[in-house]
Amino acid sequence: MIHAWYALVDALLPFAWASHAFMKNALAAVLVLSPLFGALSTLVVSNRLAYFSDAVGHAALTGVALGSLVGLLDPGPAVLAFSLLLALLVVTLRRRGAAGAETVIGIVSSTAVALGIVLLSRGGGFSKYSAYLVGDILSVRPAELGAALAGTAALWLLWAFFSNRLLLASVDEGLARSRGLKTGLLEYGFALAVAAVVALSIRWTGILVVNALLVLPGAAARNLARGTRSYHLLAVILSVFASVVGLVASYYLDSATGATIVLVGALLYLATTQARRR
Amino acid sequence: MSPVPPPRLIGPATASARAPLAAADRADRPACGRCGTSVEGLSVRRGGRLVLNEVSLNFHCGEATVIIGRNGAGKSTLLKALLGLVPHTGRVRHSAAVPAPRGSRRRGAAARPVFGYVPQGAHLDHESPTTVADLFASALSRRPLWLGRPAELDRRIEKALAVTGAGGLSRSRLGALSGGELQRVLLAFALEPMPDVLLLDEPVSGVDHAGMRDFYALLSRLRREHDLAIVMVSHDFDLAAAIADRIVFLDGRVVCSGPPAEVFAHPAVVEAFGEIKAPSRERRAPR
């Protein structure tokens, strides 16, 4: 399958940047992940969950550390497990609604980062993990692409099934309850989906910027959208656009890809604030 | 959920003799006057404090109950507890004189009632791109909104909006509506499909007095036509008295409950709000 993709890119994109296998892999990764980031960002922005995805992103570092502690060669499963765990914890804190929940969540997420750094830097060996901070999408292997494709396909199915209910719950929890929706389960479910997509992509995007990918497309689309459908479609389009442009720009600038994608997204956001509906 | 009118389980003669259904195809249960929702010993605790203490009430269909009380007396909390939004103890049960028809939102003959809920609406996100039609479609359709709405669903939404005089607003963003428009849209939403009990949390601000009067007249008409059980939190005693069969004075518990004139004369109510002149019969909205 990967060879068919290589042939397709060679046929459609006769450019220098697209001639390398690592760029073809990276392009595939971006095209698999960015539409899902766009779709989920609509709800992250509507529900004001930016701090949440930030906390989950940070937790990934602890996941990496714990994975290496128990001797996993691939920290992926540990990252996924720890992100899901932190997502459950943060939603529980939020739902309890106690005063200062934001503060507690801030403390939890910075503790997770600090714990990760302390564990990984023991003996001065942190530099080999710095790839997790800034991400390394050029190291994508074809086998990982298959896993990412399967993961995003599953999340898309869940999104198709639950997005209407999630929207209703985000407008007003009481309205959703009056329609028999289990709003608590929906909130946990969405949090777990965000945690899963973060864990799935963290090594490529980087812990420092993954949150922006879950916020910028939705924030920019919201400035232009005239309804839920256009909000969603615009977020997906802007996310894919920013990711592809960012990837190509990072090739020519020789810069970290995740951060370059975020900068393109930020520029798009700035542009949309100018074109904002009156 | 089905757009096709559900089968009528009792003959039109019995149903329409009691309350002729102006839009019979919208109702998902026949009017009967014998259905009721009972609340038994409902208590809510928040941070160790008892916000609601052993509240027991009955709501009959065709009857309007208005809940009054001071700020912090637990009025909105009672509505939220009924919806299951806040943890509570006690029982909420609905008993229907006839079993729910197929396709209705209710599952059994005696189960949790189906609530229609009209929130205050002030907390809605004004910047959100969600339109009125999006709100309806999110509840009425399983098809993801980002794949578009079928024309049939759009017609159903228009029809539902027309019932509360909110026709033509389906493409407006929720955040762009005036207070009165939002109230009508949320009422139309609560009534599609027809619930067992309609819960309303009256907006504290954003709707002027004339707007509220029109809204109450609309509620009166809908109650008559659909034999609705209405439970409403109100801050306007004049308008409340005009629609209420029963007023409940709440102060963490049910202090008193009964016809408007009786409750307004109760010492505890007089102490809380001063003398309230119950509107005379002539000023009351037609039943």
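These questions and answers cover a helix, a hairpin and a chain contact in a predicted model.

Residues are numbered from 1 along each chain as its sequence is written, and chains are lettered from A and ligands numbered from 1 in the order written. In this predicted model, local features need pLDDT of at least 70 and side-chain atom pairs count only at pLDDT 80 or more, while totals for chains, interfaces and linings use all residues.

Visitor: How many residues of α3(A) are buried?
Guide: Helices are DSSP runs of H or I with at least four residues, and strands are runs of E with at least two, numbered from the N terminus. A residue is buried if 20 or more other C-beta atoms, placed from the backbone, lie within 10 Å of its own. Helix α3(A) is largely enclosed by the rest of the structure, because the buried count among its 20 residues is 15.

Visitor: Which residue in the turn between β1(B) and β2(B) has a positive phi?
Guide: Strands β1 (residues 36–46) and β2 (residues 49–60) of chain B pair in the antiparallel sense over eight bridges; pairing requires at least two bridges found by DSSP. Arg46(B) stands opposite Arg49(B) in β2(B). The hairpin has two residues between its strands, and the one in the turn with a positive phi, about 55°, is Gly47(B).

Visitor: Which element gives the largest share of the side of chain A that touches chain B?
Guide: Contact means C-beta atoms, placed from the backbone, within 7 Å; 24 residues from chain A and 27 residues from chain B take part. Elements of chain A giving two or more residues are α7 (142–171), α8 (173–178) and α12 (228–253). The largest share, six residues, comes from α7(A).

Definitions and conventions. A residue is buried if 20 or more other C-beta atoms lie within 10 Å of its own, exposed if 12 or fewer, and partly exposed in between; C-beta atoms are placed from the backbone. Two residues are in contact if their C-beta atoms, placed from the backbone, lie within 7 Å.
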